[in-house]
Amino acid sequence: MTDRATDTAAPFRPPRNQWWDVWDQFKIHRGALAGMVVFVAIVLFCVVGPWLWIHDAGFIDIRARNQGMSWSHPLGTDQLGRDMLARMMMGGRVSLAVGLAAMVLSVLMGTLIGVLAGYFRRIDGPLMRMTDLFLALPLLPLLLVMSMLLRERLSTLFGIEMGMFVMIVTAIGVTSWMQTARIVRGDVLALKEREYVLAARSIGTPPRRVIGRHVLPNVLSPVMVSATLMIATAIITESALSFLGLGFPPDFPTWGRLVSDGIDYLQQHPSRAILPGLFISLTVLSVNYIGDGLRDALDPRIRGR
Amino acid sequence: MTAPRRNLVEVSDLKLHFPVYGGLLRRQVGNVKAVDGVSFDIIEGETLGLVGESGCGKSTCGRAVLRLYELSGGAVRIDGEDIATLSQEQLRRKRPTMQMVFQDPQASLNPRMTVAAIIGEPLDEHTDWSRARKLERIYELMDAVGLNRDFANRYPHAFSGGQRQRIGIARALALNPKFIVCDEPIAALDVSIQAQVVNLLEELQERFGLTYLFISHDLGMVRHIADRVAVMYLGRIVELAPVSALYDTPLHPYTQALLSAVPEPDPWTETRKERIVLKGDVPSPSNPPQGCNFCTRCPRVMDICRRIDPPYREHAPGHFAACHLLDETRTDQPKDGARPEQDQPHIHQGEDA
């Protein structure tokens, strides 16, 4: 910045500043950029792909079953003759949506509960005991009960597929926020004793803004890490649910279901299980790298190195 | 110096006890009496130094005066209003008049905020100014504390200790406070920077008519900056006097010991100086000794010290101390004169309570 800028144009400088700094740092993080490219590619593949590809994910062509890779079916077909590429694309939509939505839900819940428990001493005990309670709950029986009780009601409310989606996202979100909550609480406990929090209180900043301004930005790193891992867990939990018949209907493709369907044919057609697995791993890895880059970019101490 | 100056801050019988929990059921088993019945006034525009060894409750006292902790007892009247009894919202509105400069400039600045955001935080909280006007004020403050305006978009980690402390001071000044608690603002800085920061504080005091409570364990620096000095020991003020009186004729044995520990620049006097070395450790503030707090380490301890807490009273104009030794010398003199003065601190406290 030149001297002239400080004198005349100065008032217009700071507002946009911080996020441009973040972007500048993010840009030079190679892993994050690569992750971003891969993730965007996967998202485009799943979102735009089904419109462009000629085959429908649910179309059964029994004469063309168990085919290998060919020009008409680049990834082959499954045991019912459905095109694997189309199923991968459609399955990706659901898996990505479930993964991201469940991640957002569980991170929000975990952060909220962690911050409240860490910052307000009075509700620390009850909230953390509740967290322990949730940690002690066995996941699968709980999901079983949930799907038994709620499936009908949600289906009538949102339609079968949307109802299933809501249920699975809620189920995964509600049963996976505890780790985040514990990590966040621990960090908040340490952060609230820092002098800048005291300084903010001496200024007269009310607790909600102390949390928003001083506490949350500083717990971002651990939250980011657990968020990226959460996506993977959510996608895999969804596949486990589908595998048990508690998730989406059997003919409804998701990456997790494609993997579990492919396992039966692992010897004859290994690509059928490996490919969706590869996509799950790629998604998780790319999101992880994006999170890594974001964390670095958001930390001014690392920025510019 | 001209008009009769009023007391901006009146602290009376300030108490801050931290509960100690123990046992199987985490019941309260005692109190750490960090600040135990401290009273002092600060006149508008003056600097009151608060000295004492580590752990005597100086910082806690400073924070309690701003009600950063909930008080266990006593009153703190700032600008005529008792902040100990204000509601949270009233207190929030009162905050602009009283601010704080912290000890560790590294820890007191949020590493994720720019300098402009840090200095502007009080403005965000207490004004509804436009962004441009806030920025104007931020630049004004940066000028006042001697920071380059170009630094506004940098982060605290990019600064040296002295510069960080300037950021902290600018933040404290943002709302035009009347009273600033300086909680060991120079303890974490090296000597050359200490002088700069202290000079800056003095200059700002002159320019904006600030009142300081200057907490420090650096007796030399306190002598330089303060108008009056209070000496704390184990949660209580043992002596309070104008600078010259305190440094020339310390009355309390603890003050004498403390002052004898100040290094003398002149080697000739340094070698001949009588050094009072205190024995033992400071008693635990959760279990202070009976009688005078200092009786376990006092070189001139008497029987009465272990039984009765010495009253805190005025021994010379403006020179307060709490020690039985002084009362003894008093009682040798005409008895009529001593009587009324003996009751004085009680009346004083009664008025405030």
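Reader: At what angle do helix H5 (residues 84-119) of chain A and helix H6 (residues 121-136) of chain A pack, and how far apart are their axes?

Author: This is a predicted model, in which local features need pLDDT of at least 70 and side-chain atom pairs count only at pLDDT 80 or more, while totals for chains, interfaces and linings use all residues; side-chain values use heavy atoms, with hydrogens and water left out. Residues are numbered from 1 along each chain as its sequence is written, and chains are lettered from A and ligands numbered from 1 in the order in which they are written. Helices (H or I, at least four residues) and strands (E, at least two) are DSSP runs numbered from the N terminus, and axes are lines fitted to C-alpha atoms, for helices over the stretch in contact, with angles from 0 to 180 degrees between N-to-C directions. For H5(A) and H6(A), the packing angle is about 140 degrees and the axes are 6 Å apart.

Reader: Which word describes H5(A) relative to H6(A)?

Author: Angles under 35 degrees count as roughly parallel, over 145 as roughly antiparallel, 65 to 115 as roughly perpendicular and the rest as oblique. The angle here is about 140 degrees. H5(A) is therefore, relative to H6(A), oblique.

Reader: Which residues of H5(A) meet H6(A)?

Author: Contact means heavy atoms within 4.5 Å. On the H6(A) side, the residues include A:Leu127 and A:Met130. By class (Ala, Val, Leu, Ile, Met, Phe, Trp, Tyr, Cys and Pro nonpolar; Asp, Glu, Lys and Arg charged; the others, Gly among them, polar), this contact has eight nonpolar, one polar and two charged residues. From H5(A) come A:Ile113, A:Leu116, A:Ala117 and A:Tyr119.

Reader: Which helix gives the most to the lining of the second largest cavity?

Author: On a 1 Å grid over the protein atoms alone, a cavity is a set of points where a 1.4 Å probe fits but cannot get out, and a pocket is an open set with protein on both sides within 12 Å along at least five of seven lines; lining residues have an atom within 4 Å of a point. The second largest cavity has a volume of about 50 Å³, a volume being the space filled by probe spheres set on grid points joined across faces, edges and corners. H5 and helix H12 (255-263) of chain A each give two or more residues to its lining. The most, three residues, come from H12(A).

Reader: Which residues lie nearest the centre of the largest pocket?

Author: The largest pocket has a volume of about 1200 Å³, and its lining has 13 nonpolar, five polar and 13 charged residues. Elements of both chains each supply at least two lining residues, among them H6(A) and S1(B). Nearest the centre are A:Tyr119, A:Arg201, B:Leu68, B:Tyr69 and B:Glu70.

Reader: Which strands stand at the edges of the open sheet of four strands in chain B?

Author: Two strands pair if DSSP finds at least two bridges between them. The order is S2-S1-S4-S5 (chain B), with antiparallel pairing. Each edge strand has a single partner, so one side of each is left without a neighbour in the sheet; these are S2 (27-43) and S5 (81-82) of chain B.

Reader: How many bridges join strand S9 (residues 228-233) of chain B to strand S10 (residues 236-242) of chain B?

Author: Both strands belong to the open sheet of order S6-S7-S8-S3-S9-S10-S12-S11 (chain B), whose pairing is mixed. S9(B) and S10(B) run antiparallel, and B:Met232 has B:Ile237 in S10(B) as bridge partner. The number of bridges joining S9(B) to S10(B) is six.
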